[in-house]
Amino acid sequence: MLELMARSGATATVPERYVEDFAEQLRGGLVRPSDPGYDTVRGVWNGMIDRRPGLIARCAGAADVMAAVGFAREHDLLLAVRGGGHNVSGNAVCDGGLVIDLSASRAVHVDPAGRTALAQAGATIGDLDHETQAFGLAVPMGVVSQTGITGLTLGGGLGWLRRRYGLSSDNLLHADVVTADGRLVTAGPEDHPDLLWALRGGGGNFGVVTSLTYRAHPVGPEVFFAVVVHPRSDASGALRFFRQWQATAPDEVSAIGVLWHAPSVDEIPAEYHGSPVALYLAMHCGSPADGERALEPLREYGSPIADLSAAMSYLDVQRYLDADYPAHTKRYYWKSRFLGDLPDEAVDVLAGLNDAAPTPESTLDLWQLGGAMSRVPPEDSAFGGRSAPLLLAIEANWEHARHDDACITWVRRVYAAVEPYASGGEYVNFPGCGAGPASAGRRSSCARPAGPAARRAT
């Protein structure tokens, strides 16, 4: 007999013969806690997550997913679904239940004539970009290439193309989904349009997505990317300028204003290393020459201590932040708020809170919204907050479990401090650990320190 976690939080006892029958149905295989690869497979990107599922179904295709959903339904098991495993809240894994693991299903097929891309649910942004850029195309995705495309899309998907071509979810044309009753359906404008509407930014509770078809757009191969760093003495002024500039920037530009602590890199003078700074990150998705002209005002403001701006490949822009978000070795706790306004007093509050950040890796990110993503009508998508001009992402990023309390407290402090300026709502893809719509019904904690096995997982 195998003891697993039921949806109710109670223990479900499953006879071994049923588990063996289930394993025989899977082309991808079934991983148990006693198997040698268990600790590697259960690991996810956020090192703060240390959950131990009772079974992990390594699904090789839709048939495996249908079998896994049927097994979970038959035994009333707690179920989690893993695509890329990159969501900060750790929803890709559960304690004691069954994990449907799609991370090995990463194939991508591009139709360059039709400008579409079909991707399996375990594909990452890097996988998708690699294939689409071969044809001079791109699907709007996030800003860290190791992120799984499915969870990102189901939560909206903010990236460097958001203001020109919309969110990831806005470009979702069809999705193959295994429903709770074990059927495989294709959600599209003609068949199951309500399901497609929900999948476009409504979170991950509508079924198990096994593949996605996207609209792709001409981008690259080179774009212009601005990276400008200002000292703490001008942090408030730099954010005020960013607030003013971003309101009239063209749709081809997507930018983020960041409050951070300067890393110890050669491009930044040594006397600023480890001290608070304000940073501009912005990409123009047209020609590099047009981008350089459009981003010139952002580069000319004030007296920056570093300007790393340059024409570079779109693929390099997509990988630019990867090193700051390593898998398994760091711990992450995030929250967000859509902002209706950013008065001077709010700018000063944020600059002061950045000074108080518990770790130098932690950031306060002001995402410029508007453009194409703001013009999608409500009947097309479940994603809300489109009228807000800015999104504040509050990121605590750190290495050691001893800093957990300080980092979580700081995020919640910032979240409370900006409430007077919030327009309502949060970004589904930036919830704190175990928080947000996708975690409804979860019984397990995510705050246990990660053990050695979890830290070495890949």
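Start at histidine 86, which sits in the loop between β5 (79–82) and β6 (98–101). Helices (H or I, at least four residues) and strands (E, at least two) are DSSP runs, numbered from the N terminus. The model is predicted: local features need pLDDT of at least 70, side-chain atom pairs count only at pLDDT 80 or more, and totals for chains, interfaces and linings use all residues. Residues are numbered from 1 along each chain as its sequence is written, and side-chain values use heavy atoms, with hydrogens and water left out.

Is histidine 86 buried or exposed? Histidine 86 counts as buried because its relative accessibility is 12%. Buried means under 20% relative accessible area, exposed over 50%, and partly exposed in between (1.4 Å probe, protein chains only). The side chain of histidine 86 makes a polar contact of 3.4 Å with the side chain of tryptophan 45. A polar contact is a pair of N or O atoms within 3.5 Å; within protein, one must be able to donate a hydrogen and the other to accept it, and residues adjacent in sequence count only if both atoms are side-chain atoms. Leaving aside neighbours within four places in sequence, histidine 86 is in contact with Trp45, Val144, Gln146, Thr147 and Gly148. Contact means heavy atoms within 4.5 Å.

Now look at aspartate 50. This residue lies in the loop between α2 (38–42) and β4 (55–58). Aspartate 50 has 11% relative accessibility, so it counts as buried. Its side chain makes a polar contact with the side chain of arginine 42, at 2.8 Å.

Methionine 5 is partly exposed because its relative accessible area is 24%. Glycine 54 is 49 residues away along the chain, yet the C-alpha atoms of methionine 5 and glycine 54 are separated by 7.5 Å.

Next comes the backbone. Most residues other than glycine have a negative phi, and most peptide bonds are trans. Histidine 192 has a positive phi of about 55°. It lies in the loop between β11 (184–187) and α7 (193–199). Histidine 328 also has a positive phi, near 75°. Its place is the loop between α11 (314–319) and β19 (331–339). Histidine 192 is partly exposed at 38% relative accessibility, whereas histidine 328 is buried at 9%. Which bond joins glycine 220 and proline 221? A cis peptide bond does, with omega about 10°. Proline 221 is in the loop between β13 (217–218) and β14 (222–231).

Turn to the interior. In soluble globular proteins, nonpolar side chains tend to be buried together. A nonpolar core is a set of buried Ala, Val, Leu, Ile, Met, Phe, Trp, Tyr and Cys residues joined through side-chain atoms within 4.5 Å. The largest core here has 69 residues, and Leu128, Ile149, Leu199, Met283 and Trp367 touch the most other members. A second, separate core has 43 residues, including Ala346, Val347, Val418 and Tyr421.

Finish with a pair of helices. The axes of α12 (residues 344–355) and α13 (residues 404–417) come within 11 Å and cross at roughly 175°. Axes are lines fitted to C-alpha atoms, for helices over the stretch in contact, and angles run from 0 to 180 degrees between N-to-C directions. The two helices α12 and α13 are therefore roughly antiparallel, a term for angles over 145 degrees. Val349, Leu350 and Leu353 in α12 meet Trp410, Arg413, Val414 and Ala417 in α13.

Key
Angles under 35 degrees count as roughly parallel, over 145 as roughly antiparallel, 65 to 115 as roughly perpendicular and the rest as oblique.
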